[in-house]
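Hi,

Here is the structure I promised to pass on. Have a look at it first, and then read my notes below.

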Amino acid sequence: MKQLIVGLGEILWDVFPDGPRFGGAPANAACSTAELAGDAARVAMVSGVGEDPLGSEALTALQSHGVDVRAVQRNRWSTGRVDVEVDAAGLASYRFAEDSAWDHLTWNDELAELAAQASAVCFGTLGQRRPESRAVLRQFVASVSPSALRVLDVNLRPPYDDDRVILESLELCNVLKLNDDELPRVARLCGCQGDAAEVVGKLADRFQLKAVALTRSSQGAMLLVDGQLSDREGQAVAVADTVGAGDAYTAAMMLGLLAGHDVDGINAWAIQVASHACSVAGGTMQFPASLHFRP
């Protein structure tokens with residue numbers, strides 16, 4: 001049976017100056033995972049969209065990348081959106097719409113069955129901004145097999161960057177992904193001091209994590225797996241924007257960890273995947289065959 005990887009959290013539309021593009025960190029990660037894995041894994045999304053045109057377009061976008069949308073709930077709230085501004089360096093800033101469809105998930109038997117089958121689940125902190133979806137997200141994560149990867153993408157988005165949610169989410173995960181802007185915040189919350197490698201190691205020890213990934217934009221990434229550290233430089237690339245690059249790294253990391261690949265190989269491949277994502281506008285994309293997952 002194929003391994004099942006689940007994206008859990010927000011679905012939204014990134015509204016750029018030149019128009020809307022499909023997005024949301026766990027949705028981006030799900031799309032990139034499905035694109036990279038091809039027939040090697042099944043990828044599903046758990047979220048909510050509205051009964052509106054953007055909701056229908058979101059489902060179509062997910063399916064176009066090979067993501068199973070049967071667990072995406074439709075409800076009376078509007079499909080999520082975020083206004084995005086991109087600076088001259090391609091770095092994005094975000095302003096989120098309030099009270100969106102993905103804020104109102106409900107637990108059901110279908111989610112319980114999906115959680116029981118999952119080999120990996122990727123969730124974040126933004127998807128927990130309201131108590132309704134926070135409860136469903138945490139019940140899903142708690143319901144997966146003890147051997148499954150529970151991947152937390154910290155993904156801080158003010159004003160939805162609650163310290164308590166961050167700390168409680170760290171207790172739920174066994175794999176942590178964060179970037180160099182988020183590391184100081186998490187280190188402060190956890191009382192961890194030292195350089196980046198030391199903090200990554202201390203976080204792994206404190207929360208008994210299988211893996212910790214630190215992405216550093218053009219400077220590459222650091223990946224710690226079962227005590228083994230890979231620290232690699234980035235790749236030069238013409239940047240269209242950075243939206244979805246971290247999510248693409250997460251996708252490759254999850255596939256590599258599930259396959260039992262060596263830490264340096266996972267990190268090298270994930271950096272290549274993220275670099276390609278930077279060269280393409282928007283949070284979801286296709287990947288050249290040379291970057292596809294190899295079991």
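**What turned up**

Asn-267 has a relative accessibility of 0%, so it counts as buried. Keep in mind as you read that this is a predicted model. Asn-267 belongs to helix α9. Setting aside residues up to four places away in sequence, Asn-267 touches Ala-221, Met-222, Leu-223, Ser-230, Asp-231, Arg-232 and Tyr-249.

**Rings and charges**

How many aromatic pairs are there? The count comes to four. One of them is made by Phe-96 and Tyr-160, and that pair is edge-to-face, with 6.3 Å from centre to centre and 85° between the planes. Phe-96 is in strand β7 (residues 92–96), while Tyr-160 is in the loop between β9 (149–153) and α5 (163–172). The pair therefore links distant parts of the chain, 64 residues apart. Phe-96 and Tyr-160 are both buried.

Now back to Trp-269 and Phe-293: their ring centres are 6.0 Å apart and their planes are at 35°, so this pair counts as tilted.

Some rings also have an arginine over the face. Arg-129 lies over Tyr-160, at 4.7 Å from the ring centre. Arg-76 lies over the face of Trp-77, at 4.1 Å from the ring centre.

**The cavity**

A search of the whole structure gives one cavity of 30 Å³ or more. The space in the largest cavity is about 40 Å³. Which residues line it? The lining of the largest cavity is made up of Glu-10, Ala-25, Pro-26, Cys-122, Phe-123, Gly-124, Asp-153, Asn-155 and Asp-247. By type, they divide into four nonpolar, two polar and three charged residues. α1 (25–37) and β8 (118–124) each supply at least two residues of this lining, and the largest share, three residues, comes from β8.

Leaving out neighbours within four places in sequence, Asp-153 is in contact with Ala-25, Phe-123, Gly-124, Thr-125, Lys-177 and Asp-247.

**The pocket**

Last, the largest pocket, which holds about 1,100 Å³ of space. It is lined by 45 residues, and Asn-179, Ser-217, Thr-242, Ala-245 and Gly-246 lie nearest its centre. Which kinds of residue make up the lining? There are 20 nonpolar, 15 polar and ten charged residues in it. The elements that each supply at least two residues of this lining are β2 (12–16), α1, β7, β10 (175–179), α8 (245–259) and α9.

Over to you, and enjoy looking around!

How values were computed: Residues numbered from 1 in each chain as written. Predicted model: local features only at pLDDT ≥ 70, side-chain atom pairs only at ≥ 80, totals over all residues. Heavy atoms only, no water. 1 Å grid on protein atoms, 1.4 Å probe; cavity = no way out; pocket = protein on both sides within 12 Å on 5 of 7 lines; lining within 4 Å. Points joined across faces, edges and corners; volume = space filled by probe spheres on them. Helix = DSSP H or I, 4+ residues; strand = E, 2+ residues; numbered from the N terminus. Nonpolar A, V, L, I, M, F, W, Y, C, P; charged D, E, K, R; others polar. Phe/Tyr/Trp six-rings, centres within 6.5 Å; stacked < 30°, edge-to-face > 60°. Buried < 20%, exposed > 50% of the residue type's maximum accessible area, 1.4 Å probe, protein only. Lys NZ or Arg CZ within 6 Å of the ring centre and 35° of its normal. Contact = heavy atoms within 4.5 Å.
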